[in-house]
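I am opening a page for this model and will note what I look up, entry by entry.

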Amino acid sequence: SAHAEVKNGHKQIRRRTEMLSTEKAQTIEKVQKWMKKTTKKTGEGLYTVEWKYDGISLSLVYIDGQLTEASYGKGMEGNDCLQHCLKVQSIPNTIPASGRVEVRGEMVVPFANLAKTGYKNCRSAASGIMADTASTLTDCLEFHPYWTDANIGNNCRYRVAMLAQRYGFLYDVDLSTLHQFVEQDNLTEVIEYATNRRASLPY
């Protein structure tokens, strides 16, 4: 990665791969429409269902175990936020790894911390704190990893769980609510189960 120009007070970090956004489908009907389109292109297959945190996407890069780069925002370039990330308790500044390791995840503000931030909702709180280079509210933030290129196992979700255990990241999601390899016929049932659990989550 390399630093580029400064935009809105942030140095721009050039990424190796693009940070993408998740498309929204907020009804079962929209999910089924997406499934039909996907099946037409790829054939029958298995699906995974997991929680999507309502925060901002973040990329962390470790070189020989040291956190050297952090950026948020979608696309091939992200806003530099290393100084904030070095202060977030759930982001280890060092990990026991050699070479280059990238970890991507979601920076969130738990409901319990929202009042302290002065923002109206958790999404705007996470975004606002990260955008303000002078913010002192980094103790309200939590980082939850969802992807890594670290060479730990084959399945990405299990790699992230192992990464959390080995490197000290948060991974407090109840794994029983993460449904992997769901057949198409069971997907609606699984989504309804997850929807019913949603109100009890701290994010």
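Entry 1, salt bridges. I looked up Asp-139 and found it in a salt bridge with Lys-116, with 2.5 Å between the closest N and O atoms. I count a salt bridge when a side-chain nitrogen of Lys or Arg is within 4 Å of a carboxyl oxygen of Asp or Glu. Asp-139 sits in the loop between helix 4 and strand 8 and Lys-116 in helix 3 (residues 111-117), so the pair ties together parts 23 residues apart in sequence. Helices (H or I, at least four residues) and strands (E, at least two) are DSSP runs numbered from the N terminus. Asp-139 is partly exposed at 48% relative accessible area, and Lys-116 is exposed at 51%. My terms are buried for under 20% relative accessible area, exposed for over 50%, and partly exposed in between (1.4 Å probe, protein chains only).

Source note. The model is predicted: local features need pLDDT of at least 70, side-chain atom pairs count only at pLDDT 80 or more, and totals for chains, interfaces and linings use all residues. Residues are numbered from 1 along each chain as its sequence is written, and side-chain values use heavy atoms, with hydrogens and water left out.

How many salt bridges does the rule give? I get four. Arg-100, Glu-102, Arg-104 and Asp-149 are linked in a network of them. Within it, Asp-149 meets Arg-100 at 3.8 Å, N to O. Asp-149 is in the loop between strand 8 and helix 5 (156-167) and Arg-100 in strand 7 (residues 100-108), so this pair joins parts 49 residues apart in sequence. I also noted Arg-104 with Glu-102, whose closest N and O atoms are 2.8 Å apart; both residues are buried.

Helix 6 (residues 187-198) has twelve residues and reaches 16 Å from first C-alpha to last, close to the 16 Å expected at 1.5 Å a residue. The expected span is 1.5 Å times one less than the number of residues. Its buried residues are Leu-187, Val-190 and Ala-194.

I find Met-35 in helix 1 (residues 28-42), buried at 5%. Leaving aside neighbours within four places in sequence, Met-35 contacts Tyr-47, Gln-184 and Leu-187, where contact means heavy atoms within 4.5 Å.
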